[in-house]
Amino acid sequence: MSDAAQLLADLEVFEREAIAAFERARTAEELEAARVEFVGQRRGKFRQLEERFRALPPDGKRQCGRRFNECRQRVRAALESARARLAQPQAKAEPRAAAFDFTAPSLRIRRGTVHPLTQTIEELIDVFGRLGFRLADGPEVEDEWHNFEALNIPPEHPARDPNDNFYIDGQRLLRSQTSTVQIRVMEKQPPPVRIIAIGRVYRPDVHDATHFSMFHQIEGLYVDRHVTLAHLKTVLRQFAQAFLGPEVQIRFRPSFFPFTEPSVEVDMSWDVRGGQWVELGGAGMVDPNVFRAVGYDPEQYSGFAFGLGVERLCMRRHGINDIRLFFENDVRFLRQF
Ligand code: FA5
């Protein structure tokens, strides 16, 4: 190999090693040591290469000149960029991972809670499940047949006033009560029936501490031979005591619903001494007209139905005094459950 060819090969190795050494340097001292080793004025490796270049014959110089200068420039540039890197503040020069303290305590992750209404709904399903009631379901957008007609509410009845309902078009509305599910279940199956249905209902009521325009009801329906009002009262008392405590009393007040006869309002009292009664919903014996609408024979079958406000139950259970709290999504309220 000629001297020129050997020099070209050595330049190659020199360039690679010098640049790697500059990039590897983590401190100014390490960089300085590398500088002295590779490009130091007196004993640096480049100095020796320079001397070999000068000693080349003219055509050898021509052969290596360009590569020689290129090598010098590249190595200088690598030295400059290493100097610039080490001149930056420590935090930036250090890799990010080094700034992370693995021994520091972790951030506290706040766990969410199940909404109190959802908790109440799950409890209701559980309590009535133990009393033998199966869960049924129906749509929130209903037709007039299921919301009114089949429930013995004729077209002229004030409950059908468009101002008292959320109509979507001429025929369909957001259901105003879960009694619609009674009809849907009875249309699908013959007696006996023992179901509950829980879900949202909608009424254009003015919002106050006990009223909201969207709320939840739990509907119950029990149809068989020889079902009486005594069965209704027993089931509701058992439910109330399982849900709110053994001291809870219930009472019926005469009332009217087009789809039950007789009809009652259901009140509960959780403090017998204080004698305070709270209305929870309506109930009664299924009206024969309702049985006829779904094709059941009212001579053979009887049944009871009830519809209770879920918010009112939940409020009573937890001592909540304003229904609006359920729907404001204020975590200070929700976190308490
Ligand atoms: C009914 O809706 C009947 N469907 C109940 C029924 C079912 C009777 C089966 C007979 C047989 P009422 O309109 O009273 O009844 O409503 C029942 C309960 O829903 C009320 O007692 C109350 O607890 C609750 N409720 C009514 N309106 C609101 C409202 N705007 N906000 C919150 N809860 C309400």
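This is a predicted model: local features need pLDDT of at least 70, side-chain atom pairs count only at pLDDT 80 or more; totals for chains, interfaces and linings use all residues.
Student: Which residues line the second largest pocket, and which lie nearest its centre?

Tutor: A lining residue has an atom within 4 Å of a point. There are 14 of them here, and Val39, Gln41, Phe46, Arg72 and Arg76 lie nearest the centre. At least two residues come from each of helices H1 (3-24), H2, H3 (45-54) and H4, with H4 giving the most, four residues. Such helices are DSSP runs of H or I with at least four residues, strands are E runs of at least two, and both are numbered from the N terminus.

Student: How do the residues of this lining divide by class?

Tutor: Seven are nonpolar, two polar and five charged. Nonpolar here means Ala, Val, Leu, Ile, Met, Phe, Trp, Tyr, Cys and Pro; charged means Asp, Glu, Lys and Arg; the others, Gly among them, are polar.

Student: Why are H2 and H4 called roughly antiparallel?

Tutor: The axes of H2 (residues 28-39) and H4 (residues 58-87) come within 10 Å and cross at roughly 170 degrees. Axes are lines fitted to C-alpha atoms, for helices over the stretch in contact, and angles run from 0 to 180 degrees between N-to-C directions. Angles over 145 degrees count as roughly antiparallel, under 35 as roughly parallel, 65 to 115 as roughly perpendicular and the rest as oblique. H2 and H4 are therefore roughly antiparallel.

Student: Which residues of H2 and H4 meet?

Tutor: Ala28, Leu31, Arg35 and Val39 of H2 meet Val75, Leu79, Ala82, Arg83 and Leu86 of H4, contact being heavy atoms within 4.5 Å. Seven of these residues are nonpolar, none is polar and two are charged.

Student: What makes H6 roughly perpendicular to H11?

Tutor: The axes of H6 (residues 116-130) and H11 come within 10 Å and cross at roughly 100 degrees, and therefore H6 is roughly perpendicular to H11. Pro116, Leu117, Thr120, Ile121, Glu123 and Leu124 of H6 contact Val310, Glu311, Leu313, Cys314 and Arg317 of H11. The classes are seven nonpolar, one polar and three charged.

Student: What is the volume of the largest pocket, and which elements each supply at least two residues of its lining?

Tutor: Its volume is about 760 Å³. Of its 38 lining residues, Ser176, Gln177, Arg203, Gln217 and Phe257 are closest to the centre. Strands S5 (214-224), S7 (260-269), S8 (278-286) and S9 (302-309) and helix H11 (310-318) each supply at least two. The lining has 15 nonpolar, 15 polar and eight charged residues.

Student: How is the protein divided into domains?

Tutor: Domain 1 covers 3-96 and domain 2 covers 116-334, with bounds from an automatic or database domain assignment. Their centres, taken over C-alpha atoms, are 88 Å apart.

Terms used. Residues are numbered from 1 along each chain as its sequence is written. Side-chain values use heavy atoms; hydrogens and water are left out. On a 1 Å grid over the protein atoms alone, a cavity is a set of points where a 1.4 Å probe fits but cannot get out, and a pocket is an open set with protein on both sides within 12 Å along at least five of seven lines; lining residues have an atom within 4 Å of a point. Grid points are joined across faces, edges and corners, and a volume is the space filled by probe spheres set on the points.
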